[in-house]
Amino acid sequence: MFDPDTVAAIDIHTHAEEPCGTHADDGYAEFQAGMQKYFRTGRDWPPAIPETAAYFRERNIGAVIFAVDCERETGFRRYDNEAIAEEAAKHSDILIPFASIDPAKGKAGAREARRLVEHFGMRGFKFHPTMQGFYPNDRSAYVLYEAIAEAGVPALFHTGQTGVGSGMPGGMGMRLKYSNPMYLDDVAVDFPEMTIVLAHPSFPWQEEALSVANHKPNVYIDLSGWSPKYFPPILVRYANSLLRHKVLFGSDWPAITPDRWLADFETLDIKEEVKPLILKENARKVLGI
């Protein structure tokens, strides 16, 4: 079982990806090629869950792992949540599974969420408003949030610009407007007992994200998806001070590797006493471990 005391860090943001060719009929391979070009990765793409586990185990880094249920908006059939839970269970020393459910599934999605937590050990839920095509404060999503809040697990939301569809015609239909973190201020008000993580430096809405996290005690920020060398100064300043207990290490694997992220993180002017909070302790609080 996962032991937070023995790992060097906890990566709150890693992706479970289907093996190449699994969805050859729905454009998934073309999408992944675009992602590989955007992030300029030079290795085989994407890795399977056992490969991901081996990578993180070698580095003694715990990893929260999830897929994104975006089949309604993109046509890509989702990676089955139960399959992710079962694969993660084989590597429970290093992987922490999150589920993903399109809020458009309504009450059926809420039932699935309860079942996944109770019977499959899901430790949280991942949302990507741009890929799933919804405003996070849309009341139609609240039935799913209610189930998550009742389960006492966190909800992680993509915020800001995305590499998904970047450079593709029409951005592959991805609308950036859905991922403004200010919409999550409403969610934080309406679900004060639900832990909310704003994923990524929220370009071009960084100050909105800092404001929401500073104002709402149940809102955190993960630092995934960008190399730390590109972090805006105001984000570094808040991470060092007002939000030192609310900022989390995340890489966005496989798009950005922990090796690259951590090497660039060392170049930041982060106080020594703050580094352990960002790299592990804040994640322990969010995950309840």
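This is a predicted model: local features need pLDDT of at least 70, side-chain atom pairs count only at pLDDT 80 or more; totals for chains, interfaces and linings use all residues.
A pocket here is an open set of points, on a 1 Å grid over the protein atoms alone, with protein on both sides within 12 Å along at least five of seven lines. A volume is the space filled by probe spheres set on the points, which are joined across faces, edges and corners. Residues are numbered from 1 along each chain as its sequence is written, and side-chain values use heavy atoms, leaving out hydrogens and water.

**The second largest pocket**
- Its lining (residues with an atom within 4 Å of a point) counts 13 residues, with Met1, Ser92, Leu95, Pro97 and Arg123 nearest the centre.
- Two elements, α4 (81-90) and β3 (95-97), each give two or more residues to this lining; helices (H or I, at least four residues) and strands (E, at least two) are DSSP runs numbered from the N terminus.
- The lining has 10 nonpolar, two polar and one charged residues, where Ala, Val, Leu, Ile, Met, Phe, Trp, Tyr, Cys and Pro count as nonpolar, Asp, Glu, Lys and Arg as charged, and the others, Gly among them, as polar.

**The cavity**
- There is one cavity of 30 Å³ or more, a cavity being a set of points where a 1.4 Å probe fits but cannot get out.
- The largest cavity holds about 40 Å³ of space.
- Around the largest cavity sit Leu223, Phe231, Leu235, Val236, Ala239, Phe265, Leu268 and Ile270, and these eight are nonpolar, with no polar or charged residues.
- Helix α10 (residues 233-239) supplies the largest share of that lining, three residues.

**Helix α11 against helix α12**
- Helices α11 (residues 258-265) and α12 (residues 275-287) pack at about 150 degrees, with axes 12 Å apart; axes are lines fitted to C-alpha atoms over the stretch in contact, and angles run from 0 to 180 degrees between N-to-C directions.
- The two helices α11 and α12 are therefore roughly antiparallel (over 145 degrees).
- Trp261, Leu262 and Phe265 of α11 touch Lys275, Ile278 and Leu279 of α12, contact meaning heavy atoms within 4.5 Å.
- By class, this contact has five nonpolar, no polar and one charged residues.

**Helix α5 against helix α7**
- Helices α5 (residues 106-120) and α7 (residues 142-151) pack at about 15 degrees, with axes 8 Å apart.
- That makes α5 roughly parallel to α7 (under 35 degrees).

Definitions and conventions: Angles under 35 degrees count as roughly parallel, over 145 as roughly antiparallel, 65 to 115 as roughly perpendicular and the rest as oblique.
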